[in-house]
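Please look through the structure below from its overall layout down to single residues.

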Amino acid sequence: MSAPATEQLVVPPPTTPGRLHRPARAIVALVELLLAGAAVWGAFWAWPHGFATITAEVGQGIVVESERVYGNWVAAAIAFGTVAAILVLDAARQAVLAVRARPKRVKKSKDTGTDTDSDTDAEADTEPPADTETATDAVAHEGER
């Protein structure tokens, strides 16, 4: 059967603490930067292949030049540049995650004035204090006043 409506289901905390500082992410960031460099090189390599100059002599010494654009090479160059940009962004994210460790947030309890750990104090986030009126209560009881 299902739990009564008044009971809240609570997930137990993890048994092992999560690793906040992961230096291996710095290696991933370095590899991504190297791949981004290769993608930039690929973009600069593909771009000139996308254009061709065609010269034709029409007659009586008239020379006509036209420029042909090969869309597949231009698209490849743009794709290389986009991949490089995404790799640089992810490398920055990996580098931040490699060195940054987020400390636990500490909240002050309104009732006792003592510090409480926000990770373990689930009731403080879900239930307002009994003596305060929420915005929903104020709207619901507006006609009674």
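The paragraphs below cover the fold, a helix pair, an aromatic cluster and a loop residue.

This is a predicted model, in which local features need pLDDT of at least 70 and side-chain atom pairs count only at pLDDT 80 or more, while totals for chains, interfaces and linings use all residues. Residues are numbered from 1 along each chain as its sequence is written, and side-chain values use heavy atoms, with hydrogens and water left out.

The protein chain has 4 helices and 4 strands, where helices (H or I, at least four residues) and strands (E, at least two) are DSSP runs numbered from the N terminus. Read from the N terminus on, the order of elements is α-β-β-α-β-β-α-α. Of the 145 residues in the protein chain, 11% are buried; buried means under 20% relative accessible area, exposed over 50% and partly exposed in between, with a 1.4 Å probe and protein chains only. Among contacts (heavy atoms within 4.5 Å) with a separation of 6 or more, 48% join residues 24 or more positions apart.

Two packed helices are described by the angle between their axes and the distance between the axes. For H1 and H2, the axes come within 8 Å and cross at roughly 165 degrees. Axes here are lines fitted to C-alpha atoms, for helices over the stretch in contact, and angles run from 0 to 180 degrees between N-to-C directions. H1 and H2 are therefore roughly antiparallel, a label for angles over 145 degrees. The residues of the contact of H1 with H2 comprise 26 nonpolar, 4 polar and 4 charged; Ala, Val, Leu, Ile, Met, Phe, Trp, Tyr, Cys and Pro count as nonpolar, Asp, Glu, Lys and Arg as charged, and the others, Gly among them, as polar.

The whole structure holds 3 aromatic pairs, that is, rings of Phe, Tyr and Trp (its six-membered ring) with centres within 6.5 Å. In one of them, the ring centres of Trp45 and Trp73 are 5.3 Å apart and the planes stand at 75 degrees, so the pair is edge-to-face, the class for planes over 60 degrees apart. Because Trp45 lies in H1 (residues 24-49) and Trp73 in H2 (residues 71-99), the pair ties together parts that are 28 residues apart in sequence. Trp45 is partly exposed at 40% relative accessible area, and Trp73 is also partly exposed, at 28%. Ring pairs link Trp41, Trp45 and Trp73 into a cluster.

Gln60 lies in the loop between strand S1 (51-59) and strand S2 (62-69). Most residues other than glycine have a negative phi. Gln60, however, has a positive phi, near 50 degrees. Gln60 is exposed, with a relative accessible area of 84%.

Methods
Rings of Phe, Tyr and Trp (its six-membered ring) pair if their centres lie within 6.5 Å; planes under 30 degrees apart count as stacked, over 60 as edge-to-face and the rest as tilted. Angles under 35 degrees count as roughly parallel, over 145 as roughly antiparallel, 65 to 115 as roughly perpendicular and the rest as oblique.
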